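I wanted to see how the two chains meet.

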Amino acid sequence: MTVYLIRRLMQAMLVLAVMSVLVFLGVFAIGDPIEILIAADATQREKEEARIALGLDRPLIEQYWVFVQNALQGDLGRSFVFNMSALQVILQRFPATFELAMVAMLWTVLFGIPLGLWAGLKPDSFSGKSIMAGSILGFSLPSFWVGLMLIMTFAVVLGWLPSTGRAEPETHFGITSSLWTAKGWSHVMLPSINLALGQIALVIRLTRAGVREAMLMDYVKFARAKGLSQRRVIGVHVMKNIMIPIVTVLGLELGSLIAFAVVTESIFAWPGMGKLIIDSINLLDRPIVVAYLLMTVFLVIFINFAVDVLYSVLDPRVRLKDAGA
Amino acid sequence: MSGPTPTVDAAAVSPWRLVVAEFFASPLAVFGLVLLVIIVGVAVFAPWISPQNPYDLAQLSIMDGRQPPGTESLDGLTFWLGSDDQGRDMLSGIFYGLRISLAVGVLSAIVALAVGMVMGMVAAFFGGWVDALIMRIVDIQLSFPAILIALVLIAVLGQGVDKVIIALITVQWAYYARTVRGTALVERRREYIEAATCLALSKPRILFGHLMPNCLPPLIVVATVQVAGAIALEATLSFLGLGLPITEPSLGLLIANGFQYLLSGRYWISFFPGVALLLTIVAINLVGDQLRDILNPRLKK
Amino acid sequence: MTETLVVERLQTHFFTKAGVVKAVDDVSFSVGRGKVLGLVGESGSGKSVTGFSILGLVDPPGRVVSGAIRFKGENLVGRSEDDWRRLRGARIAMIFQDPMMTLNPVLRIDTQMIEAVQAHEPVSKDVARQRARDALGQVGIPSPDERLRSYPHQFSGGMRQRVAIAIALLHKPDLIVADEPTTALDVTIQGQILAEVQTLARTTGTSLIWITHDLSVVAGLADDICVMYAGKVVEQGTVDAVLDHPLHPYTNGLLGSVPSRNKRGQPLQQIPGMTPSVLKLPPGCAFQARCARVSAACAEPIAMQEFRPEQFARCIHPHRDEVPA
């Protein structure tokens, strides 16, 4: 287990290193930061001076080394739009994105698993087929368009929920969140549902496939032959088996939720990292773009790593095999 | 319980006729196919069937802007689906937008398929470190959300049609590579490859002449899903303002244009391009779903 | 009433898209207290479905269409699912073919045994665990305390089947349906388990239905034999009568294809042809296409007939007064 963990951790570090090279090359080497950083009417001399001041005259390897050293100290450059440390700007926005992603995850679990279970247990019923048709739609619907339709329906026509923004966060028990208030929930409702739809569709399909497969297994029939109630057979014997892949996928999808928050946040003006990155790409605020990309890449790698570990903890077959080896 | 599946033998006789017959057994899939044919037809013949050339500014009048569906323009043209802020007929805009969205989606899928297929087969055929290297890259790439990869590329490369297509190809190729490798690993152990090897045929000939055709069925399934994914991703990027330029609006950009008018109740500028996008993706997915059910031997019982 | 189970004219059909499959068609037999019935047939003959019917475990699209299953005098056909559940595992237990598949891979042995105890008796977890431990000891599993905390994959196939048998024995049932429980095991372990089961049945008075395709297993174990072919019983009687003087050409063929010492050097007989498709069975005898004694009359429906005391066959050209080949 320990050996496995260390090996997996080293793999994760390697991926992070490769991604940092790619992002560095992409953002710093391909474009010329001077063109963006310096006013357009600057003289050639001023440009040269800035170039030397920023270390851009040195070889690429050296520049990368400086970049990495700074990055390790949490310095990913200064945003020239906010005139602050880029990492700080990102970290300020992170809680909002995380909050949105977690609420979306909540909907995913709350709706995806029961609906998938139902569709898996009654695959030929009308309700089961409707759920599946709905999930195909959930897959097909482009999330940004669904977002617009949600705004149109619930904010414009019905006027039930606010269409944009996030409520003022409050701090209770050491947790700062906008979800402490009813207003906070009303604001997070539409964007989180929008973000969750695709994931719900995915979890429905996954759960349904898992249930259908598990129901054919001898161990389910044997559990029934023991005289267990249907509730226990499904709730324990079937669920315990399908929860392993579902938890794994849910974990991996958390990274997806954070990345796809880019779209949702842009539509609902949710003040998270995603909206920031789109603005920054358009404003050519490169330090922010780099900080966001590295941060998200780091998050995804971390999540994948955590899920791998979780998987080996959940599945006794994997867990014990590694322990024995 | 698990007897030999007779369908496998039957498929060896006339696989394509069987696939076609099975495909038409599902009314939903047929509906998807019909819808898809219509959509592709509209996209291909857009210049001839559109009431208006939406790119020709001379034909547009700002006075016709933001008219609701059914309004007649100053030139006597009926805006069946309304008009946008430039006075452009939405129906024509959608026809041309479909053309661009489909073209970008299909083009990127074809290139990605070619790249992925070659990489996947090389990995499967040569094995060893080549295989390990290619598959590790695939694994790493697939562990990142598609939109994140696209964002990195757009941030690095800048914007433009070519950049979007490059981003879409980069996002997709790994799926094909993994699928092809999986199939090829199974297929290369079959007798017919051994026979070809015994005949001392050249490696490329075995690879592309013998192995490739047999890896196609699962690829077709992945390809349908991927084209839908590519169209959706391109639309998303365009919606975010990171995709295609405003001069050639794809469906995503049309939807983005209407976004600002949505809150004032002028829903049609965003709504109808969205419906077109939705129908396209649903049609492709319906067809793809059925193909997967037919071509997946694991589901046959 | 000395019979534990009487099955009368049982019909279990599967209503598939391709047509109605008469998996069990007019099957009757009975099992006395402490007796062993061997239910013999090749795969697809309906013997397993018969077993599942007795436990009420036939899943859609299949169902028991007509007939009676009298367990200690009471007809079980048409009972509510809850009635069935109370019987299953308590009064009628089942052992499955593949021990690798019958235990849930992600649940510990103690969970799977304790739930089986508690499904029928309102006892505490500790009492249930004690019962589970005793049951494991009874089937010859060493250090049961430690074994209870293990997962199925830490056991060998033979050990797993012992666990499954222990679970079947937990409530000292009146009847155990064993569906080819030794087929997936090594020959030596097969012998051990057969001997143990026989002793258990004799000492506890439990009746057994032993489903198998292997006549040699039945020969040493069963009191009575029931030979099934394509959903119908073609021959039944005491084990000695059927094995020594088979009436039906199919039974005769089956016996001829068993390798034995006194036939060394001779080529093994085989039954020509294939099992007919259950979807399009011919009217009359299902075996007619493969039978050497076939005549035009075989295409008419054939009734079960007593040819010798306690030996019945569904045939109009039986091997009477002949030495079996």
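Entry 1: I looked for polar contacts between chain A and chain B first. The rule finds one residue pair across that interface, with both residues at pLDDT 80 or more.

**Entry 2: who lines the chain A side.** I listed the elements of chain A that give two or more residues to the side touching chain B. They are α1 (2-30), α6 (126-140), α7 (143-157), α8 (182-215), α10 (230-268), α11 (273-283) and α12 (286-314). I sorted the residues on this side by type: 28 are nonpolar, ten are polar and two are charged.

**Entry 3: extent.** I counted contacts next. On chain A, 40 residues are in contact with 38 residues of chain B. The area buried between the two chains is about 3,300 Å². Carbon and sulfur atoms give 82% of that area. Which residues of chain A lose the most area to chain B? I found Phe144(A), Trp145(A) and Leu148(A), together 18% of what that side buries.

**Entry 4: confidence in chain B.** I checked the scores. Chain B averages a pLDDT of 77, and 85% of its residues score at least 70. Helix α5 (residues 90-126) of chain B has the highest confidence in that chain, at 86. Helix α1 (residues 6-13) of chain B has the lowest, at a mean of 43. Residues 1-13 of chain B fall below 50. Beyond near neighbours in sequence, I found four contacts for this stretch in the model. Where pLDDT is low, predicted coordinates should not be read in detail.

Terms used:
Residues are numbered from 1 along each chain as its sequence is written. Chains are lettered from A and ligands numbered from 1 in the order in which they are written. This is a predicted model: local features need pLDDT of at least 70, side-chain atom pairs count only at pLDDT 80 or more; totals for chains, interfaces and linings use all residues. Side-chain values use heavy atoms; hydrogens and water are left out. Contact means heavy atoms within 4.5 Å. Buried area is the accessible area (1.4 Å probe) that two parts lose on being put together, summed over both. A polar contact is a pair of N or O atoms within 3.5 Å; within protein, one must be able to donate a hydrogen and the other to accept it, and residues adjacent in sequence count only if both atoms are side-chain atoms. Helices (H or I, at least four residues) and strands (E, at least two) are DSSP runs, numbered from the N terminus. Ala, Val, Leu, Ile, Met, Phe, Trp, Tyr, Cys and Pro count as nonpolar, Asp, Glu, Lys and Arg as charged, and the others, Gly among them, as polar. pLDDT is the predictor's confidence in each residue, from 0 to 100.
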